[in-house]
Structures are given as structure tokens and as C-alpha cells.
Amino acid sequence: MNAVRTLTAAWLVLFSTMAFAQAVRELPDFTRLVDDQGNAVVNISTTQAVRRSGAVPQVPGMEDEEVLEFFRRFIPRQQPGPSPRPEARSLGSGFIISADGYILTNAHVVEGADEINVRFTDKREFKAKVIGADRRTDIAVIKIESPQQLPAVKFGDPTKLKVGEWVVAIGSPFGFENTVTAGIVSAKGRSLPQENFVPFIQTDVAINPGNSGGPLVNMRGEVVGINSQIYSRTGGFMGLSFAIPIDVALDIQKQLRDKGRVSRGRIGVVIQEVTRDHATSFGLDRPRGALVNSVEKGSPADKAGIEAADIILSFDGKQVESQSDLPRIVGSTRPGSQSAVEVFRKGKTQKLNITVAELQEDRVASSTTPDRSKPKADVPANRLGIVVGELSAEQRKGLNITHGVVVTEVRPDSKADVRKGDVLLTMVHKGQHTDLKSVEQFNKLLAGLDKNAVITLQLRRGESTAFVTISGLTDKG
């Protein structure tokens with residue numbers, strides 16, 4: 001009996017040892033990857049003369065702001081107090097993309113620099129010059145002159161990245177050169193506030209100030225992205241890091257090297273996300289595409305026949321699954337080229353052809369139109385809990401519209417996401433689009449709907465046009 005117990009225990013020990021060895025073998029080993037790619041990663045520091053107006057300017061506080069957590073750039077904060085020398089220094093990372101000394105980094109790392117210093121892992125240092133920078137994608141190309149051939153990174157295909165795949169970041173967080181951190185791909189194609197032209201790779205790789213501009217590398221030792229932004233309350237790592245896909249970066253760097261600037265396409269539409277309620281009221285099979293709020297007069301979209309209330313489903317053969325897809329697709333289209341557009345209009349799909357124009361970087365939004373509406377007393381609300389009034393001929397002329405009713409009052413119990421002064425232009429229900437021409441017509445349309453109806457209203461607010469969806473009406477107005 002004792003022999004059996006001894007044998008069983010021995011087998012358990014052997015099995016546990018084998019299982020542990022197997023688990024160890026399955027853990028990723030980053031050593032070869034770092035050996036292969038580490039020498040091509042550089043530390044970048046910049047010097048900028050401080051243009052003083054009294055005291056040295058300080059970066060605003062990063063802790064617990066009331067606004068949505070903005071995505072922090074990775075430049076370390078300047079310390080308070082007088083500077084010993086009239087210069088400011090920033091720190092970041094970069095990597096060599098060709099043996100003749102071209103380096104990719106982030107635009108915000110070198111922005112405003114009077115002098116750029118590049119340092120290698122073997123302590124060699126070079127002065128660099130900016131070849132070009134693109135603030136919209138946060139990509140910059142710099143160049144150093146070296147008598148020797150330089151080690152360059154290998155590039156991978158970010159479209160083949162899978163969520164859950166191991167990736168590694170190499171950079172200089174807080175100035176600690178050639179620091180390696182690892183994690184997994186958390187998501188792909190992320191759209192961030194004010195960042196319409198980059199489908200970011202989200203990871204949980206530890207990224208901190210100084211990592212900015214460094215490479216994101218897959219397990220095959222290929223660069224698949226450039227670490228660019230973090231999501232943080234404090235300015236430090238909190239598990240959310242974002243990288244620019246390398247294919248986007250390489251396209252930008254080519255344009256910067258060839259022309260010194262980046263050209264992007266534009267078509268002249270204002271769009272919003274298609275929600276589930278929008279899809280229901282428009283008669284679309286599922287929430288997808290980009291809903292056109294308004295079309296700029298004389299723009300490529302206007303000339304192609306795109307209309308407000310169209311839902312753009314595809315552009316240039318590429319599917320538009322969400323609103324954020326369209327700016328990236330249009331922006332990457334060569335200005336002057338012909339592109340096919342598929343739109344969903346009044347329950348049917350249509351195909352249009354459009355000639356893409358070039359986006360001008362200095363385009364400025366128009367000012368808003370003042371609120372001209374006047375409240376009316378003792379007027380019952382309709383089934384949306386709002387009171388609407390007729391537009392005068394002068395108001396229609398001033399707004400350059402031919403139809404619509406104006407919201408004069410919004411009752412406290414209203415479910416409608418509208419404001420006093422909004423002009424309601426069109427109502428959409430079950431794919432049917434109806435222009436609103438009078439108060440009587442609008443309230444009669446509402447009266448004929450089921451209390452659980454889902455409707456979408458196209459409204460004009462100042463110079464902007466938008467769609468709002470309302471689910472459910474009151475029993476009576």
C-alpha cells in the first residue's frame with residue numbers, strides 16, 4: 001500500500017513539473033525581439049528657446065479635471081519655478097526607418113524645437129533636422145547624418161493584428177532609455193476625440209511620458225504602430241495606451257518626404273453616428289453608416305447629389321460601419337480622384353459618383369445664427385411635449401430654407417432632445433421622410449402615430465443641422 005502511495009506521489013510530482021515546464025514554455029519570450037529591434041530605437045530630446053512674457057509658462061494641472069479625460073501627450077511636465085537657462089526640453093522616442101538616417105516619431109515630440117538631439121543605445125549622439133510633421137496624425141519625420149549605415153526596423157501589417165495578441169513597446173519613459181514593456185492588443189480601429197484620421201490600436205502596454213514616438217512591435221519583431229497617446233487622470237499609465245498603425249504612419253511619412261506636406265480628401269458633409277433608433281426610424285436593417293446632417297453648398301458632395309438625411313454606407317469600395325470610418329476613408333483618398341458612394345435614401349440604396357476635393361487645413365467653422373424664436377403663451381404642447389410655431393417669410397429667407405417649424409417651448413416632461421429656437425425640418429418614421437411645412441401638419445402627423453413609435457427629426461440649430469431620435473410619445477398632446 002505504501003509503495004502505491006509513493007508511486008502515486010511520484011507521478012503527481014512528475015506531472016506537476018511537466019505542467020509547469022509546459023506553462024513556462026508557452027509564456028512569451030521577448031529577448032530575441034529586443035535584441036533585434038532595440039538598436040533601431042532612439043531617444044529624442046529637444047531644446048526650445050522660451051519666449052518669456054514675465055514668468056516661465058507652466059503646463060496646466062493634469063489631475064481630476066471636470067472635462068472628459070483628454071488624451072495626454074507624452075511630453076513631461078515642466079517643473080514650476082524659474083528656469084536656469086532660457087530653454088525648455090522635451091523628451092520622446094523614435095525609430096530608424098531607413099539605413100540613411102530617416103527617423104519616425106510623433107509630431108508633438110519635435111513641435112517648436114530649435115534643436116533636436118538623437119541618442120542611440122551605444123551612446124552615440126546626432127543633431128537632427130525636421131523633414132516634415134503632420135499634426136492631424138501626430139507623425140513627424142526627422143533626419144540625421146551618419147557616416148555608417150544605421151540599423152532600421154522591420155515593418156509588419158497592422159491589419160493582421162488580432163485582439164489579445166502580445167505586443168511590446170520600446171522607448172524612453174521619463175528618460176530611462178531603451179525601456180521595454182509588454183502587453184496585449186486590447187482593441188483596434190479606435191476613434192478618439194479630435195482624432196478623425198487615425199484608427200488607433202489600443203493596448204494595455206505600459207506607456208508613460210517619454211515613450212511617445214517609440215515603436216509598438218509584434219512577436220515577429222515587426223513594427224506595427226507608433227505609441228502616441230494615453231488615457232489618464234494623472235498623466236501616468238492607467239492601462240489604456242494608443243498607437244498609430246504603421247501603415248498610416250508610412251503613408252504620411254512618404255508624403256512628407258516627397259512633398260513636405262500631407263494632402264487629404266474632403267467631400268463637404270457634416271455627419272453623425274447612426275444609432276439603433278435612427279436605424280429603426282429610417283428603415284435601415286441595422287445601425288451602420290454615417291448619417292448626413294448637412295451638405296456644404298457647392299461642395300463635391302453637393303455636386304454628386306448627396307442630400308441631408310442620406311446615410312453613407314460605403315465610400316470608394318470601403319464599408320462605412322460607423323461615423324468615424326468616413327473621415328479616415330475620405331481623408332486617405334487622393335484629391336481629384338473619382339470615388340463611388342453608396343447611400344441609403346428613403347428606404348433604398350443608391351450609388352453616386354463623387355470627385356474628391358482637397359482638405360484645406362485652415363478651414364474655419366461658420367458663426368451661428370441668433371435665436372429668432374418668440375414664446376407663445378397658453379399654447380398646448382404636442383405629443384412630444386414641445387410647442388412649435390410657424391416660421392415667417394423673413395426667418396425662412398434668413399435661414400435659407402423653404403420649410404420648417406420653430407420650437408418655441410420645451411416642457412419639463414418632454415422626452416425630445418430639442419431646444420427652444422431649433423427649427424424642425426423633416427420627420428422620419430419607418431423610412432418615410434416628411435418635410436414639415438406647418439404646425440398643423442406636424443401635430444397631425446404626431447397624433448396619428450402609435451405611442452411606442454420611434455421617430456427621427458432633422459433640425460436646424462444656428463448654422464448646424466442634426467438628427468435627433470425620440471422613442472415613444474405621450475398619449476395625447
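**Exercise 1.** In this predicted model, work out how many nonpolar, polar and charged residues the lining of the largest cavity has.

*Solution.* Start with the search of the whole structure, which finds 1 cavity of 30 Å³ or more. The space in the largest cavity is about 50 Å³. Next, list the residues that line this cavity: Val-41, Val-42, Asn-43, Ser-93, Arg-119, Thr-121, Gly-171, Ser-172, Glu-177 and Asn-178. Now sort them by class, counting Gly as polar. The lining comes out as 2 nonpolar, 6 polar and 2 charged residues. To finish, look at strand S1 (residues 41–49), which gives the most to this lining, with 3 residues.

**Exercise 2.** Decide whether Val-292 is buried or exposed, and find which residues Val-292 touches.

*Solution.* First locate Val-292 in strand S17 (residues 290–295). Buried means under 20% relative accessible area. Val-292 has 0% relative accessibility, so this residue counts as buried. Then turn to its contacts, leaving out residues up to four places away in sequence: among them are Val-269, Val-270, Ile-271, Ile-306 and Phe-467. Take Val-270 from that list: this residue is 22 residues from Val-292 along the chain, and their C-alpha atoms are separated by 5.9 Å.

**Exercise 3.** Check what helix H4 (residues 246–259) should span against the distance between its end C-alpha atoms.

*Solution.* H4 has 14 residues, and at 1.5 Å a residue they should span 20 Å. The end C-alpha atoms are 20 Å apart, so the two values agree. Within H4, the buried residues include Ile-246, Val-248, Ala-249 and Leu-256. Finally, step past the helix to Gly-260, which follows H4 and has a positive phi, near 80°.

Key: Residues numbered from 1 in each chain as written. Predicted model: local features only at pLDDT ≥ 70, side-chain atom pairs only at ≥ 80, totals over all residues. Heavy atoms only, no water. 1 Å grid on protein atoms, 1.4 Å probe; cavity = no way out; pocket = protein on both sides within 12 Å on 5 of 7 lines; lining within 4 Å. Points joined across faces, edges and corners; volume = space filled by probe spheres on them. Helix = DSSP H or I, 4+ residues; strand = E, 2+ residues; numbered from the N terminus. Buried < 20%, exposed > 50% of the residue type's maximum accessible area, 1.4 Å probe, protein only. Contact = heavy atoms within 4.5 Å. Expected span 1.5 Å × (residues − 1).
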